[in-house]
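Hi,

I am handing over the structure we talked about. Please open it alongside this note; what I found follows below.

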Amino acid sequence: MKILVFGVGVLGCNLARNFFRSKKDVTLLARGKWAEEIKNNGLRIKSQLFPHTSTTRIPVITELKPDDVYDVIFVAIRYTQIDSIIEILRANKSKNIVFVGNNTRANETASLLKDKNVMFAFSQSAGHRESNKVVSVDLKKITIGQLVDAPSNEDFIKQIFANTKYKVQYEPNMGDYLLCHAAFVIPAAFACYKTDGNLKRIKKDVVYLNKMIDANIEAYKAIRDAGHEILPDDDKEFEGEAYQKTCLRFFKLMSATVLGKICVSDHAMNATDEMSALNNDLKKFFDKHNAQYPTWKELENECEKYLK
């Protein structure tokens, strides 16, 4: 199976390395300085949990030509960059496309590629990119599937990840999964911007941490009341005490330990354009469905210097 990973951010680099280590026929599409860096010195990934940097000599291309054919293309770029490559993907002969990462408009993205088999995924890796390497934590877990009304890709997904170390969660309703994920992530991004990336400044601020939970619940209510499914299943009882206690524990851990920097603030501080776009899309969704979100607005108002 021929695999192309389009993009050399944290998600794309980890995905390409993991496929390559699993003996998959994988190629990485990179551009500019990063293409030269990987060609000359290999793909270098430093683990934030261990004092080790891996170097992988992975094949690199700098453009996707119309006649290049892959069994599957993983598009691992920022949400704000997707529109810029739609025509490239549309012109290419490859049929199967997987968009990896945040996306609050999955249905719209899929509609732009009507002749393709479009899937979506979210990979549990985080970190940041430096001048010559990626610094990250990669849990080798991925949630992947198609939109709720599209034909199942479960068997094909099993083939893609066969003999890899990934723990794969198949999700047949990735549109709602990603919508809910953004509803959870953006309040955490607000916290990053309130603290200028230093989440330890709110580790004892239980009032603020609870406001983050309240904002998430406001968003989940809007999503549910608009007829969408709350995903993952563990979040369905989001108005219950157990959910709120779990969230509070998570946000305390996020703000008090290095995990917050690794898994949350690194990306939020380096991708303010993406967080702004997701936030704006969610607010349009709330307004379209006449949802009330006062706590969300309160937290957002404290982040004006970062959000567009």
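Which helices each supply at least two residues of the lining of the second largest pocket? They are α4 (106-111), α6 (174-194) and α10 (272-288). Keep in mind that this is a predicted model.

The second largest pocket first. Its volume is about 340 Å³. The lining counts 15 residues, and Thr104, Arg105, Leu179, His228 and Phe285 are the closest to the pocket's centre. α10 gives the largest share of that lining, with 5 residues. By class, the lining splits into 6 charged, 5 polar and 4 nonpolar residues.

Next, the cavity. The structure has 1 cavity of 30 Å³ or more. The space in the largest cavity comes to about 50 Å³. Its lining is made up of Tyr79, Ile82, Asp83, Asn103, Arg105, Glu108 and Thr109. Of these lining residues, 3 are charged, 2 are polar and 2 are nonpolar. Note Arg105: it lines the largest cavity, and it is also among the residues closest to the centre of the second largest pocket.

Last, Asn102. Look for it in the loop between β7 (96-100) and α4. Is Asn102 buried or exposed? Its relative accessible area is 12%, so it counts as buried, the cut-off being under 20%. Leaving out residues up to four places away in sequence, Asn102 touches Tyr79, Phe122, His181, His267, Glu274, Met275 and Leu278. One of these, Tyr79, also lines the largest cavity.

Best wishes

Terms used:
Residues are numbered from 1 along each chain as its sequence is written. This is a predicted model: local features need pLDDT of at least 70, side-chain atom pairs count only at pLDDT 80 or more; totals for chains, interfaces and linings use all residues. Side-chain values use heavy atoms; hydrogens and water are left out. On a 1 Å grid over the protein atoms alone, a cavity is a set of points where a 1.4 Å probe fits but cannot get out, and a pocket is an open set with protein on both sides within 12 Å along at least five of seven lines; lining residues have an atom within 4 Å of a point. Grid points are joined across faces, edges and corners, and a volume is the space filled by probe spheres set on the points. Ala, Val, Leu, Ile, Met, Phe, Trp, Tyr, Cys and Pro count as nonpolar, Asp, Glu, Lys and Arg as charged, and the others, Gly among them, as polar. Helices (H or I, at least four residues) and strands (E, at least two) are DSSP runs, numbered from the N terminus. Buried means under 20% relative accessible area, exposed over 50%, partly exposed in between (1.4 Å probe, protein chains only). Contact means heavy atoms within 4.5 Å.
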